[in-house]
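Please keep the structure open while you read.

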Amino acid sequence: LSTLLQDAFHAFHPDLHFVRKFLRPLLIGELAPDEPSPAGVQNAQLVEDFRALRQTAEDMKLFEANPAFFALLLAHILAMEMLAWFLVCLLGPGWLPSTLAALILALSQAQSWCLQHDLGHASVFRKSRWNHLAQQFVMGHLKGFSAHWWNFRHFQHHAKPNIFHKDPDVTVAPVFLLGESSVEYGRKKHRYLPYNHQHLYFFLIGPPLLTLVNFEVENLAYMLVCMQWTDLLWAASFYFRFFLSYAPFYGIPGVLVLFVAVRVLESHWFVWITQMNHIPKEIGQEKHRDWASSQLAATCNVEQSLFNDWFSGHLNFQIEHHLFPTMPRHSYRKVAPLVRALCAKHGLTYEVKPFLTALADIVRSLKKSGDVWLEAYLHQ
């Protein structure tokens, strides 16, 4: 493997011995010594120091999961599911118990996103197969989505964060313009939407609708086109359980209203929490950096606290998560000082923001990109 790919390969696979046997069919040849490499300029010392840091983390056993931690996460998700049902069962389907139930279910769905995310990165169990089976249960039965669909999207994001046409999370034009796409669209006189107001219409079509509309349609299409029938059955079990649980109180139309309310609330959480670490950072074309530099350019952290850790599923440690995707999230706090020291040594930015500032920066970034588009559109 090239220097550029070696660290990425190591980051994604906790069991290198197991996955190496799948590489041989992919080997179609080797570049001649005089052929250009796709890699850009590499900081050899940074690469060496990052690998030493990873070895230190392994020696500290930071890649070993604490079973009790993840068991507690699953237990509190199931407890919220039961609490929501008992509220409606005991107090009836009035506005107050229904509102409380929707909020609790949205929190449960948000925490399920986080737990399936851990499982998708194989950071809970030692065996990848156990992680994948548990992820299908959490993502399918507890959320109604496909685990394979999520992994297909999410691994692209981790491999090339904030890179157009390689990271699906930022390839959102022509609805929103981010980073370098603002100048490109302005110069080409593209005006499909009033992009100088995208920070305003973001509130209408971004957080409220992503999970309810975009994810639901994309997820179903993926399962059907890719014939992921097991995932489809798991997802169907979620809807069967949800409607069976609440139809006696609300009837079918009422359950649909409750479902939409939960998805909209959950969607707000998903957009704000997942994008506060990425949208305000550098977004553009491939730069062919080394692994550590590419991840740091696309991520930032949010201040650590018990609430922030829980509410964001430890995605407030986005830098550590992107550098070490298979590391259990309860180890991020321990590895963070080592990462900060590496950044300080090599002059890399290790950005940490207050929680509310990080949320506001999403809107500021959208406004800045919209203003850049307008200036290029009017003056080219």
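1. Let's start with C114, which has a relative accessibility of 4% and is therefore buried, under the 20% limit. Keep in mind that this is a predicted model. The whole structure contains 0 disulfides. For C114, the nearest cysteine sulfur belongs to C300 and is 17 Å away. Another cysteine, C226, is partly exposed, at 35% relative accessible area.

2. V175, Y192, L193, L204, I205, L209, V213 and V217 make a nonpolar patch of about 690 Å². Two helices, α9 (198-205) and α10 (210-225), each supply at least two of the patch residues.

3. Now to the charged side chains. Opposite charges can pair when the charged atoms come close. There are 22 salt bridges in the structure. One of them joins E351 to K281, at 3.0 Å from N to O. This pair links distant parts of the chain, 70 residues apart: E351 sits in the loop between α15 (332-346) and β2 (352-353), and K281 in the loop between α11 (229-275) and α12 (291-298). E351 is partly exposed at 26%, whereas K281 is buried at 15% relative accessibility.

4. E351 also meets K353 in a salt bridge of 4.0 Å, N to O. K353 is buried, with 5% relative accessibility.

5. Finally, which residue forms a salt bridge with D361? The partner is R364, with the closest N and O atoms 2.5 Å apart. Both belong to helix α16 (residues 355-379), and because they are 3 residues apart there, about one helical turn separates them. Shared partners join K281, E351, K353, D361 and R364 into one salt-bridge network.

Methods. Residues numbered from 1 in each chain as written. Predicted model: local features only at pLDDT ≥ 70, side-chain atom pairs only at ≥ 80, totals over all residues. Heavy atoms only, no water. Disulfide = S-S within 2.5 Å. Buried < 20%, exposed > 50% of the residue type's maximum accessible area, 1.4 Å probe, protein only. Patch = residues over 30% accessible without salt bridge, like charges linked within 9 Å, V, L, I, M, F, W, Y side chains within 5 Å. Areas by Shrake-Rupley, 256 points an atom, 1.4 Å probe, with all protein chains shown as cover. Salt bridge = Lys/Arg side-chain N within 4 Å of Asp/Glu carboxyl O. Helix = DSSP H or I, 4+ residues; strand = E, 2+ residues; numbered from the N terminus.
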